[in-house]
Amino acid sequence: MKRIEALQALADLTGRHPVVVTCAATSRELASVKDGDNHLYLLDAMGLVGSVATGLALSVDPSAPKVVGIEGDGSLLMNPNVLPTGGYLAPDNLLLVLLDNGVYGSTGALPTYSSRVDLGWFAAAVGWTTRSTATVDGLKAAFGELLTVRGPAFLHARIEAGNAEGTEKLLIDPVSITDRFTRWLREDHASAVAA
């Protein structure tokens, strides 16, 4: 499965969810597939998806749609502490999707440690309910299953190395991204709780 195929599936599955997205190629490719007010792109903030998503999951109404984080293996390995922190704090409404291609895709495909460090096993060891897949259909099925889990959920998706060709840079001002996301969160996410 290519990253852009995984992101297309996730875009279709997360229209009602707050989505925190890692930087660089992943943000660009998701925005090219579907840019939404519910997307919080963490531009130039490598390693912080788990931290932001966990904090958000702890602060929103637990009956609202789960907070979804989309992270890469290189970025998660920059800040692996988010896994024990999420497992310890254990918000009911957190789902972290790891798109693991084994390389730093935006910086010349240098290898990460994920070929020898099983990040899904690590997440399970520190309290997350985990599933893994390497196909689009598997991703959709595991995502749906993990939506029903109480407590932090971790979807480890193995993807091919490489970036989508012709994807434009994401040039939205980060302040504007934050403003539209917080407005959406305040208006639409709050109404989802009331519904």
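Guide: Happy to. Let me begin with a term we will need: a crossing of two helices is right-handed when the near helix is turned clockwise from the far one by less than a right angle, and left-handed when the turn is anticlockwise. Please keep in mind that this is a predicted model.

Let's start with H1, which covers residues 3-13. H1 passes helix H7 (residues 136-147) in a right-handed crossing. The axes of H1 and H7 come within 10 Å and cross at roughly 30 degrees. Angles under 35 degrees count as roughly parallel, and H1 and H7 are therefore roughly parallel to each other. From H1, the residues that take part are Glu5, Ala6, Ala9, Leu10 and Leu13, and they meet Val136, Leu139, Lys140 and Phe143 of H7. By class, this contact of H1 with H7 holds 7 nonpolar and 2 charged residues, and no polar ones.

H1 also packs on helix H2 (residues 25-33), at an angle of about 55 degrees and with the axes 9 Å apart. That angle makes H1 oblique to H2. The crossing of H1 and H2 is right-handed. On the H1 side you will find Arg3, Ile4, Leu7, Gln8 and Ala11, which meet Ala25, Thr26, Glu29, Leu30, Ser32 and Val33 in H2. Sorted by class, the contact of H1 with H2 has 6 nonpolar, 3 polar and 2 charged residues.

Thr167 lies in the loop between strand S8 (153-158) and helix H8 (174-194). Leaving aside its neighbours within four places in sequence, Thr167 is in contact with Arg28, Glu29 and Ser32. Glu29 and Ser32 also belong to the contact of H2 with H1. Although Thr167 and Ser32 are 135 residues apart along the chain, their C-alpha atoms are separated by 6.6 Å.

H2 brings us to the largest pocket as well. H2, helix H4 (73-78) and strand S5 (103-104) each supply at least two residues of its lining. The largest pocket holds about 250 Å³ of space. Its lining has 18 residues, and the closest to the pocket centre are Cys23, Ala24, Met46, Gly105 and Ser106. H4 gives the most to this lining, with 3 residues. In terms of class, the lining has 7 nonpolar, 9 polar and 2 charged residues.

Helix H3 (residues 49-59) and helix H5 (residues 82-89) pack at an angle of about 15 degrees, with their axes 9 Å apart. H3 and H5 are therefore roughly parallel to each other. Their crossing is left-handed, whereas H1 passes H7 in a right-handed one. Gly50, Ser51, Thr54 and Leu58 of H3 make the contact with Val82, Gly86 and Leu89 of H5. The residues of this contact of H3 with H5 divide into 3 nonpolar, 4 polar and no charged.

Terms used:
Residues are numbered from 1 along each chain as its sequence is written. This is a predicted model: local features need pLDDT of at least 70, side-chain atom pairs count only at pLDDT 80 or more; totals for chains, interfaces and linings use all residues. Side-chain values use heavy atoms; hydrogens and water are left out. Axes are lines fitted to C-alpha atoms, for helices over the stretch in contact, and angles run from 0 to 180 degrees between N-to-C directions. Helices (H or I, at least four residues) and strands (E, at least two) are DSSP runs, numbered from the N terminus. Angles under 35 degrees count as roughly parallel, over 145 as roughly antiparallel, 65 to 115 as roughly perpendicular and the rest as oblique. Contact means heavy atoms within 4.5 Å. Ala, Val, Leu, Ile, Met, Phe, Trp, Tyr, Cys and Pro count as nonpolar, Asp, Glu, Lys and Arg as charged, and the others, Gly among them, as polar. On a 1 Å grid over the protein atoms alone, a cavity is a set of points where a 1.4 Å probe fits but cannot get out, and a pocket is an open set with protein on both sides within 12 Å along at least five of seven lines; lining residues have an atom within 4 Å of a point. Grid points are joined across faces, edges and corners, and a volume is the space filled by probe spheres set on the points.
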